[in-house]
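Student: I am new to this structure and would like to go through some of its side-chain contacts. Could we look at it together?
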Amino acid sequence: MIRYILRRLVAGVVLLLVVTMVVFAIFFLVPRLAGIDSDGLAARYVGKSPSPEAIAAVKERLNLDEPITVQYGEFVSGLVTGTEYDSGTDIIHCDAPCFGYSFKTNTEVWPQLMDRLPVTGSLAIGAAVIWVLAGVSIGVLSALRRGSLLDRAAMITALAGVSLPIFFTGLVSLALLSYYWPIFPPGGSYTGITENPLAWAHGLVLPWVTLAFLYAAMYARLTRAGMLDTMGEDFIRTARAKGLPERTVVTKHGLRAALTPIITIFGLDFGLMLGGAVLTESTFSLPGLGKFAVDAIRGNDLPVVLGVTLLTAAFVVVCNLIVDVLYAWVDPRVRVGA
């Protein structure tokens, strides 16, 4: 087990390095391949209608005239040890991990990301708990009562949840439960959990339920399909023939075997969610990473977009590393064959 985890840790570090290469290539190499020179690339970091002097200054600060390998080396070095930027009047030191420096707001990107991460983390964790518990429970009940009224109602609800976009269900919930019936606070209100835990939970109920409705629907369908396949296997019939209680057969044997695809998709979904639930945060005006990225795209603040992209990719890699470890716990055959 320990050797398996160590191999996965090494693979995770290598994958993070590959992620930095891909992200760097997307923002610095691909535009050059498309015909954009260093002046055009620097203009993207300045903002709209930049002056030639501002473009020249940013090009010098980011070393955009250097070879691409040198730029990548400085990019990775900044992530690990920090770097310095010349603002024209002063030398700015960007502490590690340096995810870039926004010349539009004259602030480092990393502190801004950390300021918004608690909002996105609160939204992702709360919604994940709801959608996993609801989705898996509904999927198991639907599989055990296949063809019943409960099964049909659950699958119709799941189909509606998958089909309806978040910005629709979010606006409907706001209209009904915040404005028509003022039960929950309207969008844009967020209270830190350390300030007031009850106000924190109360302000996030609608975003949690709206976001969880979409994912719970998908998890219910996946769990139902997995349980239907698993409950017909020979080892399930053997467990029943041994006289095991039905609850043990369903939870310990049936559900555990059906959890593998659920864990896989959860690792991807939760990693992406930690990088910012763009639609949910924009609908409810939550100051998280998703809304931060959208505002940066609108303002043409490319260092912020790069920072959010890199952080999201890192979250996905780390969550998939955790998924690999969970595989070994759920199904011992995984670590034996790895």
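This is a predicted model: local features need pLDDT of at least 70, side-chain atom pairs count only at pLDDT 80 or more; totals for chains, interfaces and linings use all residues.

Student: Which side chain does Lys291 meet in a salt bridge?
Tutor: Lys291 meets Asp295, with 3.2 Å from N to O. The two residues lie in helix 12 (residues 289–298), 4 residues apart, which is about one turn of the helix. Asp295 is partly exposed too, at 35% relative accessibility.

Student: How many salt bridges are there in the whole structure?
Tutor: The search finds 4. One of them joins Arg224 to Asp151, whose closest N and O atoms are 2.8 Å apart. This pair links distant parts of the chain, as Arg224 is in helix 8 (residues 197–230) and Asp151 in helix 6 (residues 149–163), 73 residues apart.

Student: Is Asp151 buried or exposed?
Tutor: Asp151 counts as buried, because its relative accessibility is 4% and the cut-off for buried is under 20%. Arg224, at 18%, also counts as buried.

Student: Changing topic, how many aromatic pairs are there?
Tutor: The count is 11. Phe99 is in the loop between strand 2 (91–94) and strand 3 (101–102), while Trp110 is in helix 5 (residues 109–144), so the pair ties together parts 11 residues apart in sequence.

Student: And what sits over the ring of Phe292?
Tutor: That is the charged end of Arg116, 4.0 Å from the ring centre.

Technical notes:
Residues are numbered from 1 along each chain as its sequence is written. Side-chain values use heavy atoms; hydrogens and water are left out. Rings of Phe, Tyr and Trp (its six-membered ring) pair if their centres lie within 6.5 Å; planes under 30 degrees apart count as stacked, over 60 as edge-to-face and the rest as tilted. A charge sits over a ring if NZ of Lys or CZ of Arg is within 6 Å of the ring centre and within 35 degrees of the ring normal. Buried means under 20% relative accessible area, exposed over 50%, partly exposed in between (1.4 Å probe, protein chains only).
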